[in-house]
4 protein chains.
Amino acid sequence: MDIGFIGLGEMGAVMVVNLLKAGHTVRVWNRTPAKAQALADAGARVVASPAEAFGGDAVMSMLADDAALREVFDAALLAQAPRGLVHVNMATISVALAETLAREHAELGLHYVAAPVLGRPDVAAAAKLTIIAAGAAEAIDRVQPLFDAIGQKTWRIGALPQQANVMKLAANFMLAAAVEALGEAAALLGGHGVAMRDFLDVVTGGPFPGPVYAGYGGMIAEGRYEPAQFKARLGLKDVRLALEAADAVATPLPVASVLRDSLLDAVAHGDGECDFAVLGKVAARRAGRA
Amino acid sequence: MDIGFIGLGEMGAVMVVNLLKAGHTVRVWNRTPAKAQALADAGARVVASPAEAFGGDAVMSMLADDAALREVFDAALLAQAPRGLVHVNMATISVALAETLAREHAELGLHYVAAPVLGRPDVAAAAKLTIIAAGAAEAIDRVQPLFDAIGQKTWRIGALPQQANVMKLAANFMLAAAVEALGEAAALLGGHGVAMRDFLDVVTGGPFPGPVYAGYGGMIAEGRYEPAQFKARLGLKDVRLALEAADAVATPLPVASVLRDSLLDAVAHGDGECDFAVLGKVAARRAGRA
Amino acid sequence: MDIGFIGLGEMGAVMVVNLLKAGHTVRVWNRTPAKAQALADAGARVVASPAEAFGGDAVMSMLADDAALREVFDAALLAQAPRGLVHVNMATISVALAETLAREHAELGLHYVAAPVLGRPDVAAAAKLTIIAAGAAEAIDRVQPLFDAIGQKTWRIGALPQQANVMKLAANFMLAAAVEALGEAAALLGGHGVAMRDFLDVVTGGPFPGPVYAGYGGMIAEGRYEPAQFKARLGLKDVRLALEAADAVATPLPVASVLRDSLLDAVAHGDGECDFAVLGKVAARRAGRA
Amino acid sequence: MDIGFIGLGEMGAVMVVNLLKAGHTVRVWNRTPAKAQALADAGARVVASPAEAFGGDAVMSMLADDAALREVFDAALLAQAPRGLVHVNMATISVALAETLAREHAELGLHYVAAPVLGRPDVAAAAKLTIIAAGAAEAIDRVQPLFDAIGQKTWRIGALPQQANVMKLAANFMLAAAVEALGEAAALLGGHGVAMRDFLDVVTGGPFPGPVYAGYGGMIAEGRYEPAQFKARLGLKDVRLALEAADAVATPLPVASVLRDSLLDAVAHGDGECDFAVLGKVAARRAGRA
């Protein structure tokens, strides 16, 4: 397919490589041109404006947050796009903005598919992302080959794009809750002289298998929070979005409130660029042991 | 081995059956005699007093809580026991009481091993419990054949019995945190019309494999909280013990505080006998949807 | 003075009456014209557009929230205003918007004074508001006669307008915390069969004098949450703004998080239009008694 | 009257002085005899055992906590007391223990009156305590002259002694909530460069008059937490008792949970002997500014 790709951060760049490998033609644009040039060697066609990227069979985008998105996808960009274009937005954005974008695209005869992904950059590089897609079924059908090139599994959630965003936020909230629980458990164990490593062996070998508990738990056990795979600052962004989405439907999320406070504590202590697992340090600090 | 077993609730009873199957001689005692009689058919020898059970090669106990334990294991019972007896306490009790019991046993030349278990009655019936043991190594060595008869894996945590209790409480705290997170996620999703069942498929197929998320999440997705496998009332008991153990070492556990409040809410609404997963109902109620 | 007044809700309308009583000439504008007409009898000059109001010696504004404010005070309105105009914004808005407005006014040679007020409509009607003012001293000097007409006391906080907003949000946060504490205390007392009314007598006669504890406490004691003097929905708005302002400076406010959750619970149960004191009902509901 | 007084800490000692001043005969006993001797000069009669103090027309007691109380008021002490004796317990103890003591006294024909007090040592010295009394009306009538000697106001709450304890715990909970709110407000203000002192002027001159906000707020504004008037460690004890009393009636108190965590944080950082106002330091630390 002939596609555009907007937003070449760590995640976007590896997705483009996989799309090229699968034989697609990819026009790439990024605010900082250097990142786009780096993909030229891999076969991408670097374009000079979002408008040149926003056309063809479909366009994928992976920008950092609501503000970055709103700045690029303005009325002018949408107005110049060919009717029937499918725009696949893979960024983790607010539910409110997803609703707005879906409406704006529809009004101009464009298709908007929300397709946030689960997986860190290493998973993306291996083309093993989990894709949570929502939007019109026929639009998703058209871009399924693109999803197949970057992920191992596409879940189709429903016809309203923002529902995929809600699900992504709920998943990241659960992730954050698990990390905070690991951090608090470590603080409790530490207070009684029990090794976190022993505890992890027990629980990952039993009720809590899988990479989340082993991975974040391991970082907490070692007190090693760098290099970050998923930064505390970005985790905070997602928790904020979950709280916002919950607020919009009058739903209290008390654990999410705790997460927000703990992550703010991390940022306040200069650990925003550390891995999310730094919640373990926050929990230890509350107990006077960090 | 010739052992005694004190406390024949749902968990204790199936353990005794497995101990008998493995060829051990088991003298059983229970406050309510009916429960002991039921095991006679399986080959257990029913005795009339705790003192008759508290002797032999070793004694296992599985009583409901601190109060029940304190009532049975009083000074008189300990004083009449043969020196060198190994008492294996598998109940989930307070860290403070575990410390006290360890000291009292030691003063009388008795061995005290704390060996709380992970696993519900069905896991116990299959002799697949995970056993978290702490105490003197030689004492644990002596009762290892008993552990082998009831569990699939014994973790040896350290020489201080109470450390096993801390670890058990930390594990149950993590379990409760996961269930609460599932409940809050379900409330968020529900508010936006996304099916919890779809969400579970995504997360259990990805970051959160294993029986905890699938099992409790499934009950929340269906809004089915009976029959209970692990009662909310007992979950609350364990969260209280975790908070107490944390308090003793000046360690704040904000998520545990949320759990306690949510579980109290469940109990206050008459759902204490429901499964722990009823936290999903509490989360929905906070959002006016239960 | 010859002033404009924009925003004629419950608070704005009584302020205008007091400004007229004090002899000032007041041009009034409101989105819903009916409210403006009602003030014509009292001597106000009703104008047809914000631009006609936004001139003269000074302009006061009292709009509902950030969105309403942003809609009226756009680039065009500011651009047409006479240089040197003092705009006094008395609404409770976000700290971020206050910063933005201050900058936008300054760029056009206009003065921006933030002057949020403490006091409900009945206090405003009695011209007894407490005014928290921040901005350039000379600008505040010029509008002090207006403050004297509507309030009993003006506190000058500093040169940065947004600081007055921070202080207002902190004050409303403290108010919300006091009401929540009253609600939780009432739930605790109720659980033990102690009358909230007796408790209020003791604490308002001792450590907690003043109208806040007596007023909100009285409503909780009687379980009477209508008519609302300060609506739960508006209290929630202010708590959200406090959390946002705290987030911007990486400051966790755990009690504010609890307040947000409790107020969302109230809104979710259809009590958003009830008085703020409905936090007492939320606390009782958590305990299964409402 | 001829009375006994048991427990001569800071509060007890000044009460005894006031009782002596009012002309009563007071037999005093304290675990640490030195404290009793200091009162001999003021006219108290020092006795060598609790039994010698626990007789006469009435006995007042003011011990530190449940454990101290349980140790002194054992079965033997109660058994030797003259039938009809009125025991007035002014300590802040658990609701559960108050219930137990009331029952034990009744079984022996003794009267038990719970009479916790509001007021710090300086208030006690001035004989201006607020007394919250509960128990049989005729028993309270008999000791009213004693209350008149030490306090300025006696509130009669009801016939069940423990209800006075619930009320005291609710009052101290409200106090703690106010101090925490002050601390969080100070952290928010500090983040935006607004002076806590200015804020205090505004709120104590308006919605929050009285000594609590001015006193604790002032300590927070100055960051001065010593010497302590009411220690954080004791505040934590009372919050724990409030949570326990709430738990017994299945009542979640989310703000109390926050208070507990913040006070544990203070203790963990070695500030348990500081004044309660040290909650302001905890709030600042969470924001990386302490």
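Between which two helices of chain A does the loop that holds Ala250(A) lie? Ala250(A) sits in the loop between α12 (232-248) and α13 (254-268) of chain A. Helices (H or I, at least four residues) and strands (E, at least two) are DSSP runs, numbered from the N terminus. The phi angle of Ala250(A) is near 50°, a positive value in a residue other than glycine.

The structure is a predicted model, in which local features need pLDDT of at least 70, side-chain atom pairs count only at pLDDT 80 or more, and totals for chains, interfaces and linings use all residues. Residues are numbered from 1 along each chain as its sequence is written, chains are lettered from A and ligands numbered from 1 in the order in which they are written, and side-chain values use heavy atoms, with hydrogens and water left out.

Chain A may be considered next through its domains. Its assignment gives domain 1 (2-159) and domain 2 (166-286); such bounds come from an automatic or database domain assignment. The centres of domain 1 of chain A and domain 2 of chain A, taken over C-alpha atoms, are separated by 29 Å. In the contact between them, domain 1 of chain A contributes 13 residues and domain 2 of chain A contributes 15 residues, where contact means heavy atoms within 4.5 Å.

The size of an interface is often given as the accessible area lost when the parts come together. Buried area is the accessible area (1.4 Å probe) that two parts lose on being put together, summed over both. Between domain 1 of chain A and domain 2 of chain A this area is about 1,100 Å², and carbon and sulfur atoms give 63% of it. Of the area that domain 1 of chain A buries against domain 2 of chain A, 51% is supplied by Thr92(A), Val95(A) and Arg120(A), more than any other three residues supply.

Side chains of opposite charge can pair when their charged atoms come close. A salt bridge is counted where a side-chain nitrogen of Lys or Arg is within 4 Å of a carboxyl oxygen of Asp or Glu. Across the interface of domain 1 of chain A and domain 2 of chain A there is 1 salt bridge. Arg120(A) also takes part in a salt bridge with Asp275(A), at 3.7 Å from N to O. On the side of domain 1 of chain A that touches domain 2 of chain A, the residues divide into 8 nonpolar, 2 polar and 3 charged. In this division Ala, Val, Leu, Ile, Met, Phe, Trp, Tyr, Cys and Pro count as nonpolar, Asp, Glu, Lys and Arg as charged, and the others, Gly among them, as polar.

Over all chains, the whole structure holds 68 salt bridges. One of chain A joins Arg156(A) to Asp141(A), with the closest N and O atoms 2.8 Å apart. Here Arg156(A) belongs to strand β9 (residues 151-158) of chain A and Asp141(A) to helix α8 (residues 137-150) of chain A, 15 residues apart.

The discussion now turns to contacts between chains. Chain C and chain B each give 7 residues to their contact, and they bury about 500 Å² between them, 55% of it on carbon and sulfur atoms. Ala268(C), His269(C) and Arg286(C) supply 54% of the area that chain C buries against chain B, more than any other three residues. The count of salt bridges between chain C and chain B is 0. On the side of chain C that touches chain B, the elements that give two or more residues are α13 (254-268) and α14 (279-286) of chain C. By class, that side of chain C has 2 nonpolar, 2 polar and 3 charged residues.

Two copies of a chain are related by a rotation about an axis and a shift along it.
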